[in-house]
Amino acid sequence: MEENLKKHLWWQEGVIYQIYPRSYQDSNDDGIGDLPGILRRLDYLKWLGVTAVWLSPIYPSPMADYGYDISDYQGIHPLFGTQADFDTLLDEVHKRGMKLILDLVPNHTSDQHPWFQESRSSRDNPKRDWYIWCDPKPDGSPPNNWLSVFGGPGWEWDEATGQYYYHAFLKEQPDLNWRNPDVRKAMFDVMRFWLNKGVDGFRVDVMWHMIKDDQLRDNPTNPDYQPHMATYEQLLPVYSTDQPEVHALVTEMRQVLDEYNERLMIGEIYLPIHQLVAYYGIDGKGAHLPFNFQLLQLPWEAPKIAAAVAQYEGVLPDGGWPNWVLGNHDQPRIISRVGREQARVAAMMLLTLRGTPTIYYGDEIGMRDVPIPFEEVQDPQGLNMPDKNLSRDPARTPMQWSAEPNAGFTTGRPWLRLAQNFNRENVEIQKIDRFSMLSLHKRLIELRQREPALTVGDYKPVYADTQLMAYIREAPGQARFLIVLNLSHRPGYFKLKDRSISGTIEIATYPELEGMVVSERINLGGDEGIIVRLDDSIPS
Ligand code: GLC
């Protein structure tokens, strides 16, 4: 990179790829993905061009919430392998010049964690205060009206000690009391354990839940609640989440990371944008990347998305690095939300916006949500609210590697059924097809990583209407790019009012357009997106 470009950190220049380990690659025929399986696929990830891999939890867990209920923060679940397997994986990731990010789940443990076992053993156990215990109301009911995200009340009665404990998620996931300094110390030591091994960072689970109102006040009713929504949304979680004190805590976690060189802290935070950006912390001493889920949540409409990007760019604090997410293990897959054609446009958007992109495994081959028959549903969110279509299983199905049985994922019985069309939609087939979703991803990543304007350059919105959005990415002394995305199925016409454009289409969602010289006016077919390398003569 040229000297006049500011130096950026690995996670600013990189592309993150999320793996749901249960579903990536099985190596021992038990139908469940594991660490040696991931190891076998590292060359694929390197080929794809991603630079960092985030693993959903791999720790010992009773699997009530598929690993987000941890019973030992410093171990590896035997289903996934051994500590030696982990060390090998970390080493091999590093050997390929990539980074490894672990999931850290500090808000709650499993109810089988020894800390909770002790805590629930008696009211005067030294670890009693590590969790959120509270007396019932005089009539025996829970201390307040807080609800569990996964349905039902947020409080569970403990007969033996005559108190309730709070769980934001399942009753098997009791919330830790982060106001207790011993809890902080214990979890910071967990972080150090992995950082000492050389892990490059954490994705911190439900960061905005970590501290609750100290008076445990009732949450207010949500005036916009509709019956199809999760029961949790009946209330606005104003006292159970996003408390002012959480920011000091995030800063403390960041300080632990800062004891090491260039480690990354991502925060999982579902909040409106103004509240979200507060998690960068004062003077940028909070999370490096508070996950930005806007593309997962907004209606897929050009004016709304263009406005959201502009708003996000506008409220980012000084030095706050943007990021974009198109899919994860909790949300419907992008292709199932916006359709096959628009998923290509979405990929182009994700990989050309300013800020670190996160790709969810399988989205690079256009995996769809797989309909899981009711009797096969595994996800507790789906099981607890069966009539609301909230199961997350459809987005967690095994990776489709090839047309072999079970798509090459396992020779055993897969823990979750695979997409029926895996013999047509898989890595092996798409690798050799220039028009495939996989080829599009690989080329977009390659261009992004090669061109400083796309990796770290500025973002300039230039146009948006009811169908199209367009922006320029540029960096001092570097090639500049115009990105025009048609978010509709109908043709759209693009022309800049106050200046002329000329350049060559470098990548298009329909590759037939590539190499075409454009000037003045650009006519885009429905679902087309293009990246134009602008001629140098263009005034900025
Ligand atoms: C996060 C995880 C989700 C999990 C929940 C409780 O939202 O992404 O999968 O169920 O936290 O840990």
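How many residues does helix H15 have, and how far does H15 reach from its first C-alpha to its last? Helix H15, residues 437–450, has 14 residues and reaches 20 Å, close to the 20 Å expected at 1.5 Å a residue. (That expected span is 1.5 Å times one less than the number of residues; helices are DSSP runs of H or I with at least four residues, strands are runs of E with at least two, and both are numbered from the N terminus.)

A quick word on ground rules. This is a predicted model, where local features need pLDDT of at least 70 and side-chain atom pairs count only at pLDDT 80 or more, while totals for chains, interfaces and linings use all residues. Residues are numbered from 1 along each chain as its sequence is written, and side-chain values use heavy atoms, with hydrogens and water left out.

Back to H15: its buried residues are Met437, Leu438, Ser439, Leu440, His441, Leu444, Ile445, Leu447 and Arg448. Buried here means under 20% relative accessible area, with exposed over 50% and partly exposed in between, using a 1.4 Å probe and protein chains only.

Now for the sheets. Eight strands make an open, parallel sheet, ordered E9-E8-E7-E3-E2-E1-E11-E10. At its edges sit E9 (289–290) and E10 (323–325), each pairing on one side only; two strands pair if DSSP finds at least two bridges between them. Inside that order, E7 (residues 201–204) and E8 (residues 264–267) run parallel and share four bridges, with Gly201 opposite Leu264 in E8.

There's also an open antiparallel sheet of three strands, in the order E4-E6-E5. Its edge strands are E4 (133–134) and E5 (155–158), each with pairing on one side only. E5 is joined to E6 (residues 163–166) by four bridges, and Asp158 has Gln163 in E6 as its bridge partner.

Finally, the ligand. It is surrounded by 14 residues, the closest being Asp65, His108, Asp205, Glu268 and Asp330; the cut-off is a heavy atom within 4 Å. By class, that shell holds four nonpolar, three polar and seven charged residues, with Asp, Glu, Lys and Arg counted as charged, Ala, Val, Leu, Ile, Met, Phe, Trp, Tyr, Cys and Pro as nonpolar, and the others, Gly among them, as polar. For polar contacts (N or O pairs within 3.5 Å), ligand oxygen atoms lie 2.9 Å from a polar side-chain atom of Arg203, 2.8 Å from one of Glu268 and 2.5 Å from one of Asp330. The protein covers 96% of the 310 Å² of accessible area that the ligand has on its own, by the Shrake-Rupley method with a 1.4 Å probe.

Technical notes: Polar contact = N/O pair within 3.5 Å; in protein donor to acceptor, adjacent residues only side chain to side chain.
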